[in-house]
Amino acid sequence: MHTSISHHGRRASSQAPVTRRFVLRTAVLVTAALALPALPAGAVPEPLSAAQKTTLLRIARDIYPHEGFLDDAPYQAVIDAILIESESNPAVADLLAKGIEDLERRAHEIHQTDYAAIASAEKREGLLRSIELTDFFQKLKGGLLMGLYNNKALYAAFGYDGSSWETGGFIHKGFDTIDWF
Amino acid sequence: MGTTFDLSDGGIVVIVGSGAGGGTVANELSQKGVKCVVLEAGNTLSLDDIENDEWAMFSKISWLDKRFSAGGWHGAINHPTLPAWIVKGLGGSTVHWAGVSIRLQEHEFKMRSLNGDITGANVIDWPITLSELEPYYDRAELKMGTTGPVTGMPHLPWSADFKVLAEGARRIGYSKITAGPMSINSVDRDARPACQQIGFCMQGCKLGAKWSTLYTELPKAVETGNCEIRTNCMVLQIEHDASGKVTGVVYADSAGAKQRQKARAVCVAGNSIESPRLLLNSASNLFPDGLANSSGQVGRNYMTHMTAGVYAVMPGEVHMNRGTAVAGIVRDEAHNDTRRGFVAGYTIEKLALGLGFLSAFLVPGPTGWGRKVSGALEKYKYMSGVWICGEDLPQEQNRIELHPTERDQYGLPAPIVYKTDHPNDTNMRNHSYGQMEKIYNSLGSTEIYNLPAYPASHNMGTNRMSEKPRDGVVNRWGQAHDIKNLFVSDGSQFASSGSPNPTLTIVALAIRQAEYIAGEMKRGHI
């Protein structure tokens, strides 16, 4: 079981911080879109263990794999935002707890081990396919979609320029240059 | 602070919506001395509100009121609450549109005469011809600043991304390859600057180089002193008297309070989901199926164009974001040739997506994740792609309906938007995927992605024009068959979708309709 990604090749630096407020806001919007059912009165969801939080990172990296391209930081930022949200929203806390529990049950049933211990990326993706329509999975996916691909700190890694009007657009910046045919 | 009109002033024309149709009618009428009030459901917007940020602008200007997708199209599953991607705001969808300004072709006005009865489709001819509309197309191009022979403005320069498409198109034998006609200034014109290839056209043009009623028709209308614009005013109902003549509208103002504005005539231009919904919600004893709906066609014949996307990874860098969103057009498949297995044709349009939208739409919906998707996104700067826009046959089953239980924030029934492909759409889409595969293979592409339709930015047909009242909702002037002083001024008038983007045709029809309305008012018929 590994908790960090081996550092080889070019990786988007985690030095430029992800705007926490932006990621938190996204987490809340995804929850609203999911319209989760309220918990029964008095129900207190189990807090996640350290191992479960690590598993969340593994799941996140499997939803949008970028080995050797992105390090853990942007994924962790999304998970942290969801965990913060779960501290004040019991429905989200319950969603996470039950979602991980369910995934681990499937992992043990099919692969006889914890999810994060499954060595094959394809097998992990296959397990996630079996839960992809659940609110738990969509909660993570929705947060990651914004946290990875709508994140100014990572634009350069993807070769995306972002906003251009402030610097006069691309008309004088080789917008019409093509060199491979 | 411009002219304001009293709620009790029954001499004014009320225009519902401020987009291509509503904004143009407002200005054309104002220039002719006709007094009008534009009621825009959305916020006031200015160039200061525009950001080069896909998701930020999506949240800021999209119509996000309660709506439901239904029918056989994938969006019923992948975009269940976003059937259409259009604007709620001053200027309407002219803030979001990419600027493509192609005229309908002769055959697109005559789909019934040309093709006869098509099983499963509800095809009719337009009650007007291309030659009747041509002078108004000229005026529309002058108004909007369309590149090409009418204005004399050169087409925009070719971006790297368009050069990729053009080269591939050339390699498979295509020749109708142009970076226009676009209603985007290629030179300074009409007090608006030339395009700087910013690349966020569909998030609002920060310079105003792209035509939008927001900074052209609407301020010009207000300047005449004959037009008042009220934003954050949602029209809820159109009222009529015992004879069926429209007397005014009820709307929710910016504080949410209900107001009644009297009117001499009403022009409905809320785009093709809200316009029929307004007529349906205005049902009365005299019009039990909805205002002006004796034909039962209000809300029906909904068309979005047959659309698709194709994105491919190229052997070299492209940086598709560095240039206009629709950087060029290929029209070799836009004609009518049934040997291809479908009637009418399609337009191939270069379309750049930013990283954000590509990640959401490459594989849309809940299943768009995993190694394949993330691997493709790592190659963003090598990607190039197109949007396919083709003739969409009208079907009665494709329609806007009032939800039986869901209500919007005003307590009115929310719309359900039904869309299902006709076999003609499917055959045409598959043909376009095949042609694009040839194009991208000719360039040495390593991976090609076929995308389904986006939430519809082109919405047409739901209050269509017809010769016979039983076949449609309005006549050759966009005037309701049932009610003389009720008009439809947006794309819901369209009797066919044609292959190209609708905005230029909406503007041409609006210029012509305003001329008719002003004339009829002068003659005392309205």
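A: Two strands pair if DSSP finds at least two bridges between them. Strands (E, at least two residues) and helices (H or I, at least four) are DSSP runs, numbered from the N terminus. This is a predicted model, where local features need pLDDT of at least 70, side-chain atom pairs count only at pLDDT 80 or more, and totals for chains, interfaces and linings use all residues. Residues are numbered from 1 along each chain as its sequence is written, while chains are lettered from A and ligands numbered from 1 in the order in which they are written.

Q: Okay, which residue is the bridge partner of Ile177(B) in S11(B)?

A: That is Val330(B). Strand S11 covers residues 329–330 of chain B, and S4(B) pairs with it in the antiparallel sense over two bridges.

Q: What's the strand order in that open sheet of chain B?

A: The six strands run S4-S11-S12-S13-S10-S16, with antiparallel pairing. S4 (177–178) and S16 (447–451) of chain B are at the edges with a single partner strand each, so one side of each has no neighbour in the sheet.

Q: Which strands does H7(B) lie across?

A: H7(B) lies across S4, S11, S12 (346–350) and S13 (383–390) of chain B, at about 65 degrees to S13(B). Axes here are lines fitted to C-alpha atoms, for helices over the stretch in contact, and angles run from 0 to 180 degrees between N-to-C directions. Helix H12 (residues 423–442) of chain B lies across S10 (306–313), S12, S13 and S16, running at about 20 degrees to S10(B).

Q: New topic: how many residues does each chain give to the contact?

A: Chain B gives 37 residues and chain A gives 33. Two residues are in contact if their C-beta atoms, placed from the backbone, lie within 7 Å. On the chain B side, the elements giving two or more residues are H7 (160–171), H10 (355–361) and H11 (371–378).

Q: And how many helices and strands are in chain B?

A: Chain B has 13 helices and 17 strands. Its C-alpha trace spans about 70 × 50 × 45 Å along its principal axes.

Q: What share of its 526 residues is buried?

A: Buried residues make up 59% of chain B. A residue is buried if 20 or more other C-beta atoms lie within 10 Å of its own, exposed if 12 or fewer, and partly exposed in between, with C-beta atoms placed from the backbone.
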